[in-house]
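Trainee: Hi, could you walk me through this model? I'd like to start with the core and then look at the surface.
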Amino acid sequence: MDHVGRLLLRLLLVPLGGMVAVAVAIAVVVAAHWGAIQALATADPERQGDYMMALVAAGPELFVALSTTMLYTLAAAAIGVLIAEVFAIRSWIFHAANGGLSAWIGWSLSASGDGGLRAFSEPKTLIAAGLAAGLAYWLIAGSTSGFFKPLRTPRIPEPASR
């Protein structure tokens, strides 16, 4: 029964950790580009209308590019999470490296067709977001990884040798 409860717990924690990791990655990217966001917000009202028209015109292309990058990144991260769950890897370094490597893989696979998008010109921000997402995932689900490894296994005392 302990294994069934552990499996149900993992089925709850892993998606929750993934959702928190995605939210943290988005927050890091927004924080990294905060200057551009403020410049847009404080621009001349006539210029803001131009920006809105540009966003409406380029929005679908931007959505497809960002969705493709996120799909590649999440697929690579899911492979790392599966490895961590199967082998019960609980190291924060593994999960942070998984996030950073997954972000780099997502960037490199989608950077060829970027069309000059600013978010894809330099991978440092995306890799930093991946590292932060990996740490967030570790806090929620990675520190207790392992489908079939109980959190606390009872220690059997060794017999005293004579």
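Mentor: Happy to. A nonpolar core is a set of buried Ala, Val, Leu, Ile, Met, Phe, Trp, Tyr and Cys residues joined through side-chain atoms within 4.5 Å. Buried means under 20% relative accessible area, exposed over 50%, and partly exposed in between (1.4 Å probe, protein chains only). This is a predicted model, where local features need pLDDT of at least 70, side-chain atom pairs count only at pLDDT 80 or more, and totals for chains, interfaces and linings use all residues. Residues are numbered from 1 along each chain as its sequence is written, and side-chain values use heavy atoms, with hydrogens and water left out.

Trainee: Great, so which residues make up the largest nonpolar core?
Mentor: Eight residues: Leu 13, Ala 21, Ala 25, Val 81, Ala 129, Ala 133, Tyr 137 and Ala 141. H1 and helix H6 (124–140) are the elements giving two or more residues to this core. Helices here are DSSP runs (H or I, at least four residues) and strands are E runs of at least two, numbered from the N terminus.

Trainee: And how many helices and strands does the protein have?
Mentor: Six helices and zero strands.

Trainee: Back to Tyr 137, what does it touch?
Mentor: Leaving out residues up to four places away in sequence, Tyr 137 touches Val 14, Gly 17, Gly 18, Ala 21, Val 81, Glu 85, His 95 and Gly 142. Contact means heavy atoms within 4.5 Å.

Trainee: Now the surface. Which residues form the nonpolar patch?
Mentor: Ile 26, Val 30, Trp 34, Ile 37, Met 70 and Leu 74, with about 510 Å² of accessible area together. Patch residues have over 30% relative accessible area and no salt bridge, and nonpolar side chains (Val, Leu, Ile, Met, Phe, Trp, Tyr) are joined within 5 Å. A salt bridge is a side-chain nitrogen of Lys or Arg within 4 Å of a carboxyl oxygen of Asp or Glu. Areas come from the Shrake-Rupley method with a 1.4 Å probe.

Trainee: Which helices supply it?
Mentor: Helix H1 (2–32), helix H2 (34–41) and helix H3 (45–87) each give at least two residues. Met 70 is in helix H3 and counts as partly exposed because its relative accessible area is 36%.

Methods
Patch = residues over 30% accessible without salt bridge, like charges linked within 9 Å, V, L, I, M, F, W, Y side chains within 5 Å.
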